[in-house]
Amino acid sequence: MLAPFEVSFADALLDAEHPIPCGITAHNAAIPTRRFAVYRNNVVAGLVKALKSRFPVVEKIVGEEFFAAMARAFVVERPPRSPVLAIYGDEFATFIAAFDPARELAYLADVARLEAARTRAYHAADATPVDAGQFAALDAHTVGGIRIDMHPSAEIVRSRYPIATIWAMNSGEQELAPVENWRGEDALVVRPYLDVLVRMLLPGGAAFLLALAGGRPLDEATEAAFADNSNFDLIGNLAGLIGSGLVRDILLPEPEKYGLP
Amino acid sequence: MSIISNLPARTGVGFKPAHFRDILAATQPIGFFEVHAENYMGAGGAPHVQLGALRERYALSVHGVGLSIGSMRPLDCDHLARLKMLCDRYAPESFSEHLAWSSHRDIYFNDLLPLPYTQQTLARVAEHIDAVQTALRRQILLENPATYVRFLESTISEIDFLAEVSKRTGCGLLLDVNNVFVSAMNDGTQPLPYLDSFPLDRVKEIHLGGHDEEADDAGSTLLIDAHGSPVSAAVWTLYAHVIAHTGAIPTLIEWDNDVPDWPTLRAEAAAAQDILADASRASAA
């Protein structure tokens, strides 16, 4: 249905240079520019606030004013497509990576990717992780063939920057201090129960988990991890896998693959 | 339409996760809690645990802010399906939405935007409400907006528009007394005559909230429906006036920004409860 009031209103909301919609007025002003600005402000400020609550560490790093300006630019370029604002800002990291004023903070986009993963984990489907006892009960001869059904909240964020440390220091999980060992870090995000956990992965850990998440059996995932990093520690990584509640289910191998009855 | 909106005629509070522990720590003198539907559309996690715990203990009102009922474009079927899933899961006593639009083409503006009141928009809004009530299999409540501008093309008063929508669709009305005050002040009209001609027999819930003050194009005071402060004295007076006419109606304190601690919010709800109790005593006498 043709709705000129919607079209002219919508066109002017995100563009402060656009003339205010024709057909609106006020009892004390024929062209109520400041009144229309209330709508403009509600829209932009509301969406900036949604981004602030989703990306608090990015805001802490760049400061309130810089964040607000960057978020406003994002809102105008990429307004939400859904009324479910919990997922608004999935593309914010990509936007930050190309946002020229933030160019010097090369790691900022990856921190945003980590924060976006945290919110997705917060809202992900519930699942009870398997416990250590179920791992202990596995048959040592066939354990290499098991596959892992990952927790629906789990995500791995890889970076060339120390994002897990930067995140921990700016979220209050770790004291703020100069990062001594400036190197790439891979982070695991998972919400086994109600709290979202962020864990720095051990060397080769990301390759290991990504292979498992891709449906490959444990022995192949272990090979992939060694190929990624020769310092890969299988025992340490298995302990992490179980301890972080990453496993929703253990899928046992097909018996025939091993020539078993 | 099978479920009729049916909140207890007491005071409710808009639920904020920051208050969850305080609320659960004791039995609260609160008739119901209200949540924004769009905050509970994730698959799992803490939001659903909290909402489930509230639902077990209190009556529940689900208040949508994103359905864009006042848009002339078709309703978002995906969003309607999400609302249906939420209502089916929690079986709230009431579901309400706004006489406003918030989406255009594929953009969601996250604000309650105004529409002109004409025969054409009236027909479209009624059609949308029919569709929502059919999908949710329940009566919904429609809320009067806070407005900052007028449309030259409007030919129907807001009250006649709401009354006619309610008559055509059987929907109830949610009377936001703060919005009445804000809109009247902003439009240079009087809130009391508005309330006196409002179809109060259709009102099944009342909202009370705070507003901010800014300046408009002529340098006059412009009130902003900001939900970030206590209910103003003027709005309390208007509320008592309505309740004296209608008797007790489920009443919500909305405080969405600069949210105070739980005792402050509870005290605001208790103030409304006193006015409700006075009205009940007067009607019993």
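**Ground rules**

I am working with a predicted model, where local features need pLDDT of at least 70, side-chain atom pairs count only at pLDDT 80 or more, and totals for chains, interfaces and linings use all residues. Residues are numbered from 1 along each chain as its sequence is written, and chains are lettered from A and ligands numbered from 1 in the order in which they are written.

**Chain A: domains and sheet**

I looked up the domains of chain A. Domain 1 covers 1-105 and domain 2 covers 126-261; such bounds come from an automatic or database domain assignment. Taken over C-alpha atoms, the centres of domain 1 and domain 2 of chain A are separated by 38 Å.

E3(A) pairs with strand E4 (residues 186-190) of chain A in the antiparallel sense, over four bridges. For the terms: strands (E, at least two residues) and helices (H or I, at least four) are DSSP runs, numbered from the N terminus. Two strands pair if DSSP finds at least two bridges between them. The sheet is open, has three strands in the order E3-E4-E5 (chain A), and its pairing is antiparallel. Strand E3 (155-158) and strand E5 (197-200) of chain A are the edges; each has a single partner strand, so one side of each is left without a neighbour in the sheet. From one strand to the next, the twist averages 20°.

I then checked what lies on this sheet. Helix H9 (residues 205-213) of chain A lies across E3 and E4 of chain A, at about 145° to E3(A). Angles here run from 0 to 180 degrees between N-to-C directions, and axes are lines fitted to C-alpha atoms, for helices over the stretch in contact.

**Chain B: the barrel**

In what order do the strands of the chain B barrel close? I read E1-E2-E3-E4-E7-E9-E10-E13 (chain B), eight strands with parallel pairing. Neighbouring strands of this sheet are turned by 30° against each other on average, direction ignored.

I followed one pair. Strand E1 (residues 11-14) and strand E2 (residues 32-36) of chain B pair in the parallel sense over three bridges. B:Val13 stands opposite B:Phe33 in E2(B).

**Chain B: helices**

Helix H4 (residues 119-136) of chain B lies across strand E4 (94-98) and strand E7 (140-143) of chain B, running at about 145° to E7(B).

I also looked at H4(B) beside helix H5 (residues 158-169) of chain B. Their axes come within 9 Å and cross at roughly 40°. H4(B) and H5(B) are therefore oblique to each other. Oblique is what remains once angles under 35 degrees count as roughly parallel, over 145 as roughly antiparallel and 65 to 115 as roughly perpendicular. By class, the contact of H4(B) with H5(B) has six nonpolar, two polar and three charged residues. Here Ala, Val, Leu, Ile, Met, Phe, Trp, Tyr, Cys and Pro count as nonpolar, Asp, Glu, Lys and Arg as charged, and the others, Gly among them, as polar.

How far apart are the axes of H6(B) and H8(B)? I noted 9 Å for helix H6 (residues 177-187) and helix H8 (residues 233-246) of chain B, packed at an angle of about 120°. H6(B) and H8(B) are therefore oblique to each other. Their contact includes B:Val180 and B:Phe181 of H6(B), with B:Leu238 and B:Tyr239 among the residues of H8(B). It divides into eight nonpolar, one polar and no charged residues.

**Chain B: a hairpin**

E5(B) and E6(B) pair in the antiparallel sense over three bridges. B:Trp101 stands opposite B:Leu113 in E6(B). The two strands form a hairpin with two residues between them, and B:Arg105 in the turn has a positive phi of about 50°.

**Where the chains meet**

Strand E1 (residues 24-25) of chain A pairs with E8(B) in the antiparallel sense over two bridges. The bridge partner of A:Thr25 in E8(B) is B:Arg150.

Terms used:
Contact = placed C-beta atoms within 7 Å.
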